Amino acid sequence: MIIANWKMNGTRRSVATWIEAVTSNINVKNINPCIFCPPTCYLEYARRLIDENGSSIEIGSQIVNYSFEDESLTGGISTTMLKDLGIKYILVGHSEQRNFLNESKNVITKKIEEALDDELSVIYCIGEDIDTKNKNETHLFLSEQLDVLAQLQPTHEDKLRSITVAYEPIWAIGSGLNAEKDYIVKTHEFIKKYINDHLEWGRLDIYPAVLYGGSVNLGNCEEIISSTDVDGLLIGGASLNSETFSKIYNLS
Ligand code: PEP
């Protein structure tokens, strides 16, 4: 799975140009979905262009909101609305949402549950900040973020299969400093083992894919994607250029 996360970038024109270029430049393999996450205001437009182009690109939402019972939320977007637009994937727990919007673990849990119940696939983002890394506390930090998955109570256990984890060290996001290969391999190995052993998903025969995100570019993508236990990429800045993103997809 290769994801283009456009964050707060783009226009109608650049969305259209990108979809047209990427559709003709990538060789889509079913085992490696190509997911485009434009800003929310362009989701419907992107969906329509993809349908018209007969493109194999899938659409993902960068956000979803959750409001607790009896609370109204001006500007909110629910999983049901996203499903209605034909959206298949949702990013949940991106560090920018956790930090800037004070997204709590409780809210993240509810968002994932609602998404699964609406049959959407969830990309659950986790990752440590630089202080945690420097204190050698990455595994403890990630285990607390992964424990959110243990709280989930979807209407059916089988829906947990629609979860993918994206490991995105915060210090690597948008900084131009990707994590070293060894660090990525060790961290992905830890994440998979924790989910298998501590969350006991192995007992359910559920082994989520783990993506890497954080300053992936054309120069480092091959080394990262070929690393043990790396099952895909979540790409921010480098995804904005259709040529660069297409090359990264084709190399992955
Ligand atoms: C991201 O947006 O999640 C991301 C990884 O960004 P970048 O590739 O620019 O570091």
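This is a predicted model: local features need pLDDT of at least 70, side-chain atom pairs count only at pLDDT 80 or more; totals for chains, interfaces and linings use all residues.
I then went through polar atoms facing the ligand. Asn 5 places a polar side-chain atom 3.0 Å from an oxygen atom of the ligand, and Lys 7 likewise has a polar side-chain atom 3.0 Å from a ligand oxygen. For Ser 215 the atom concerned belongs to the backbone, being an N or O atom that lies 2.8 Å from an oxygen atom of the ligand. I also looked up the ligand's area, and noted that taken alone the ligand exposes 290 Å², of which the protein buries 96%.

**Helix α1.** Next I checked the length of helix α1, which covers residues 12-25: at 1.5 Å a residue its 14 residues should span 20 Å, and since the end C-alpha atoms are 20 Å apart, the two values agree. I listed the buried residues of this helix as Val 15, Trp 18, Ile 19, Ala 21 and Val 22.

**Helix α2.** In α2 I recorded Leu 43, Tyr 45, Ala 46, Arg 47, Leu 49 and Ile 50 as buried. The buried residues of α2 pack against α1 and β2, and also against β3 (58-61) and α3 (79-84). Last, I looked at what comes after this helix, and noted that α2 is followed by Gly 54, whose phi is positive, near 60°.

Conventions
Residues are numbered from 1 along each chain as its sequence is written. Side-chain values use heavy atoms; hydrogens and water are left out. Helices (H or I, at least four residues) and strands (E, at least two) are DSSP runs, numbered from the N terminus. The expected span of a helix is 1.5 Å times one less than its number of residues. Buried means under 20% relative accessible area, exposed over 50%, partly exposed in between (1.4 Å probe, protein chains only). Contact means heavy atoms within 4.5 Å. A polar contact is a pair of N or O atoms within 3.5 Å; within protein, one must be able to donate a hydrogen and the other to accept it, and residues adjacent in sequence count only if both atoms are side-chain atoms. Accessible areas come from the Shrake-Rupley method with a 1.4 Å probe; for residues, only the protein chains shown count as cover.
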